[in-house]
Structure formats: structure tokens, C-alpha cells
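Start with the view below, then read on.

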Amino acid sequence: MSVYADTLQARGVLRAGRGGATRAALWGLAVAALACAAGAVVAVQPLIALAPLLGLALVIFAFAAPVTHLSLLLVITAVIGYTLQHRLGSHLLPSDALLLTGLLRASDTLMRKRLEFRRLLAVGLMFAFMVATLLQVIHGLSAGHNGSQTGDEARTLLGFGALLLAVPILDDARGRQRMGQGLVVVGLLLGLYGLVVWALGISFGENVDVGLRATAGFAASGSGQLHGGLYGYPVAVVMATAVLLAGRAGRGYRRGAVIAVLVLNLFCLMLTYERTFWLTTIVALAFVAVKMGRGRRLRAVVTLVITGLLTLGVLAAAFPADLTKIEARALTLGQATSDNSVRYRVVETQHVMRKVRAQPLAGSGLGDTMYWGQPWEQVRPRATWFAHNGYLWIIWKLGVLQAALLFGLLAWAVVSPARPERDRDARALRVAAQGGLLVLCLSSLTFPSFNSDTITATMGVLLAMCFIRYERPETSSARLDSASQCE
């Protein structure tokens, strides 16, 4: 019996050994197949091999230098733009990678941070809006809309999520100071880039987010109308003016840098020849002047008038032809009834409203298009995903309920009152951000900042700045208590 049992045990061990060898062989074949596939992919697209390392580096970058990381995101979106990024030939753009790694840090930081109710509500509304955007991606794809266009629109709207990146950075005075410095750098690069593009006549074609529009007949110098950075110039002008009027620009080179941001972007704003942004900038500057308080309002008005006259004087001396064209362009504001651009927007709005009425609550989904033409200019009908009215565009794609999340957050941020507080730098940043947001909200009636990936990340940061934590000024009794403790 023992011999028989030993024989059976030996056969079992043999079978187990054969089974183990078979499994090992299969694992070996699988690993070899994966290695061959990876080698083939790397041979076709060598940069893919670097993707994990680049991803890890960006994650470390987001955690180690969050302000620089966020500032780089703003530079890539507002200055470089989507068109130049897309020419790299990858579906995952650098701005996408920065936003995703920033959200990774933000999720870790916000989970460990205690936020007061107003900031917690702002974060919650933005998170709900981002989830609604992802749901509309599914809606658009299920409805058969173009996948590439659906993804592009989702990328644009998710840019508002930069609010989540900025909230923990702006939680303390040091973070606010560094964020302010980062915004100055972004403003300088934006203004310098715009002037270089205009001076060299760089154009990438029509309907792009960088370069010049060569067909603008009302542009005198350069090669046309400065279109790249269109949404950023008025924001930089308003915010730089607000910081200067509040007396929080610092001294020496810091104050000089803020003045340079104002001057460079003011010239670029003029060279856009866009009347809407000229008007909204003036309205936003008046808003900022009112926000300055009673003691500074007269000083703000005088400063703005002097700055405007000096700018016109420089243009008259250096670029007289451009000043003449700017003046002629401004005078066309009174010719709205005969302006083809106004007629275009009116007819376009009628077509968008038909889309809205078709699906007012659920929205048509991202990637949806409408079909129309311009017979008065002999332009044949074609499908387009675009609409000049940003508010109607959001309602068309997302529906009324989901659009209300974003609109409510924007309205709350802009109209929130300026309270007296201990940190004057924080108050100056908040007022500057409110002025910048007001420019974009007003302009969106005729220029869709909400569906421009060059500015939505910036709008997210401005929203976060509007919800900087209030620090109440010390009362007289609190000062006496602190003085007695020091004694």
C-alpha cells in the first residue's frame, strides 16, 4: 500500500510540475507579447515611452511648485493657445496634462483643508459643473455628434476647473503673494507676445486663437487685426489698473512690472479693433473705481483719464495711421443698424434659440451643430458648432439647469460686496479679479469667452480669487487684549 501511495503522490507531483511549467510558459509568452507590442508602439511613436516619466514629473511639479505649475497652465492656454498645442500632434495637450495633474494635487489638498461655507459652496458648484460637463460628453457621443468636437468643447469647459487648483494656493498670504507675482508674469508674456505677433505680421489663418486676422480691412499697420490673446488683454488691463489704484503694486521693479502689464496689454487691446472689448473694459474700469471706496474714487477717475490721454498721445505720435483707424472703428458703434456683424449675430441668435427651445432642460449635448447661412452676403448654409452669444451657447449645449451652475457662480463672484478686512492685498486681488470677470461676462454677449479654451482656465483662477477668505479687521478691544498680553 505504501508503494502504491508513493506512486500516486509522485504522479500528482509530476502533474503539478507540468501544470506549473505550462503556466510559467504562458506567462512568459504573455510578457514577450507585451514587450513586442510595446517595442512596436515605441518604434512608431517614440515619445510614448517618455509619457510615464513625463506624467510622474508633472505630478511632482504640481505638488512641489503649485503656483508655478498653475502659472504655466495659464501661459500655455492664454498665450500659446490651442492651435499651437494641437500642432504637436497629440490628443493629450500640454494644458490637459497640467490641468489633470493640478486636479490631482487639488483633490488631495482640499480633502485635508477646512473651508468656510462660501468657499466650500464655490468648490461644490464647480465640481458639480465639471461632472455635468462629463455627462454631456456622454450625451453628445450617444447622440452621434462628432467625437473630436465633443472632446474639444469638453476640454474648454473643464478649464473652469482651475478654480479647484487655485483655492488652496490662495488660502494664505504667502500663496496669494506668489499667485499675484505669477499673474504679473503671465500678463507680461501676453502683452509682449501680442506686440511681437502684430509687429512681425504673424498669421496662422482665420478663426484661430493665435496670430492676426489678415482679412480685417480696418487694420492699418502690421498684417491685420490682432486676434491672439483677444480675451486676455482686457482682463490684464483691468486687473493691473485695479492693483495700481489700490496702491498694492509694491515699489521699484514690482510696480514697474505692473505698469508694464498695463501699458503692453492696453496697446494690444487697441490693436484688436474689437469694439465690444473696448466698451466692456471701460465699464469694468468704472466698476473697479467704484469698488475702490469713497476716498479713492476721484483719484481713480483722474488716473484713468490721464492714462487714456497718454495712450492716445503715444499712438498719435508713433502710429498715427493706426490711431485714425481706431477712431474710425470706434465711430461705427453708432451704425449698428447697418452693420453686417450685428445682422449676423441677430440671425445666428435666432437659430441658437431654436436649438434651445428644442431641448431646454437636458441640452443638445456637446458637439452638437446647427445649419444655417448668410444669403445677404451670398454665404451658403453650413453646419457650425459655434455661437457668438456665450450664454446661449452654454444653454444650447448643456441645458438651463446645468448652465445655471456656472452662471450662478459667476454672478455671485462678481457682485459679492467688498468688505473691510485686515489683508489689503487680498482685497485688492479680489476687486481686480471681479473686474476681470466682469469684462468677460459682459463680452460674452457677443464674444463667447465661455467656449474659448484660451481663457476658461484664467476665468477659473479669477473665480477662486473672488472667494479669497475674508480676514476681519481687529477691533479696538482685540487690539487692547493683544497689547496687554504682550506686556
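## A residue and its contacts

This is a predicted model. Beyond its neighbours within four places in sequence, D171 is in contact with K113, R119, R176 and R469. With K113, the D171 side chain makes a polar contact, side chain to side chain, at 3.3 Å.

D171 sits in the loop between α7 (162-169) and α8. Its relative accessibility is 11%, so D171 counts as buried, the cut-off being under 20%.

## Helices α3 and α8

Helix α8 covers residues 173-200, and helix α3 covers residues 66-86. Their axes come within 8 Å and cross at roughly 20 degrees. Angles under 35 degrees count as roughly parallel, and α3 and α8 are therefore roughly parallel to each other. The crossing of α3 past α8 is right-handed.

On the α3 side, the contact includes V67, L70, L74 and V79.

## Helices α5 and α16

Helix α5 (residues 117-142) packs with helix α16 (residues 400-415) at an angle of about 150 degrees. Their axes are 9 Å apart. That angle makes α5 roughly antiparallel to α16. The two cross in a left-handed way.

From α5, the contact residues include R118, L121, F129 and Q136. From α16 come Q402, L405, L406, L409 and W412. The residues of this contact of α5 with α16 divide into 11 nonpolar, 2 polar and 1 charged.

Technical notes. Residues numbered from 1 in each chain as written. Predicted model: local features only at pLDDT ≥ 70, side-chain atom pairs only at ≥ 80, totals over all residues. Heavy atoms only, no water. Axes fitted to C-alpha atoms, helices over the stretch in contact; angles between N-to-C directions. Helix = DSSP H or I, 4+ residues; strand = E, 2+ residues; numbered from the N terminus. Parallel < 35°, antiparallel > 145°, perpendicular 65-115°, else oblique. Left-handed = near helix turned anticlockwise from the far one by under 90°. Contact = heavy atoms within 4.5 Å. Buried < 20%, exposed > 50% of the residue type's maximum accessible area, 1.4 Å probe, protein only. Polar contact = N/O pair within 3.5 Å; in protein donor to acceptor, adjacent residues only side chain to side chain. Nonpolar A, V, L, I, M, F, W, Y, C, P; charged D, E, K, R; others polar.
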